[in-house]
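Let's go through this one by asking what each label rests on.

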Amino acid sequence: MKAVIQRVINSSVSIDGKIVSAIEKGYMILLGVEQGDTKEEADKLVKKIPLLRIFEDENGKMNLSCLDVDGEILVVSQFTLSADCSHGRRPSFIKAAPPDEANELYEYFVEGLRKSGVKKVLTGEFGADMKVSLINDGPVTIILESKELK
């Protein structure tokens, strides 16, 4: 699994011109599920992300977590994170998990975040044509790959 975490002032997802989810200060997470990913890998990300210290403390140091600042999280499924661009000019998405498998792990990941103590965890709509808006704070963007986490 790959997670692109952006520290945001706010973020929202629109479908067909209507806002379906919106958060204030927190994380906007793009989540890509690849073939062979497991619930154990999702658990690693869930354990790491709410406690990731990327919010500034009173001294301007990134020392506070999403839980510390009472932050919110918006999770958007993003199969294109599995793009292989090593050959030619058209990306291959062969590494992406099949939709049913990807959605199951996506939902599992979201439920794990909800149980972690985060104030609010919202989502986009799996498989929909979404328009994602955000104001990246910093900008701060962190990329996590579950296979690399201990």
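Q: Which residues of helix 1 (residues 39-48) are buried?
A: In this predicted model, Glu41, Ala42, Leu45 and Val46 are the buried ones in helix 1.

Q: Why do the buried residues of helix 1 line one face of the helix?
A: Look down the axis of helix 1: the buried residues fall within an arc of 140 degrees, so they line one face. On the face turned away from that buried side sit Glu40 and Lys47, which are exposed. Exposed takes over 50% relative accessible area.

Q: What do the buried residues of helix 1 pack against?
A: Strand 1 (2-15), strand 3, helix 2 and strand 8 (131-145).

Q: What makes the largest nonpolar core a core, and which residues have the most contacts inside it?
A: Its members have to be buried nonpolar residues joined through side-chain atoms within 4.5 Å, and 30 residues make up this set. Tyr27, Ile29, Val75 and Phe109 have the most contacts inside it. Strand 1, strand 3, helix 1, strand 6, helix 2 and strand 8 each give two or more residues to this core, and helix 2 has the largest share, six residues.

Q: What does Ile29 touch?
A: Leaving out residues up to four places away in sequence, Ile29 touches residues including Ile5, Ile49, Val75, Phe109 and Leu113. Contact here means heavy atoms within 4.5 Å.

Q: How many residues does the second, separate core have?
A: Ten, with Val4, Ile23, Leu74 and Val76 among them.

Conventions. Residues are numbered from 1 along each chain as its sequence is written. This is a predicted model: local features need pLDDT of at least 70, side-chain atom pairs count only at pLDDT 80 or more; totals for chains, interfaces and linings use all residues. Side-chain values use heavy atoms; hydrogens and water are left out. Buried means under 20% relative accessible area, exposed over 50%, partly exposed in between (1.4 Å probe, protein chains only). Helices (H or I, at least four residues) and strands (E, at least two) are DSSP runs, numbered from the N terminus. The arc is that of the directions from the helix axis to the C-beta atoms.
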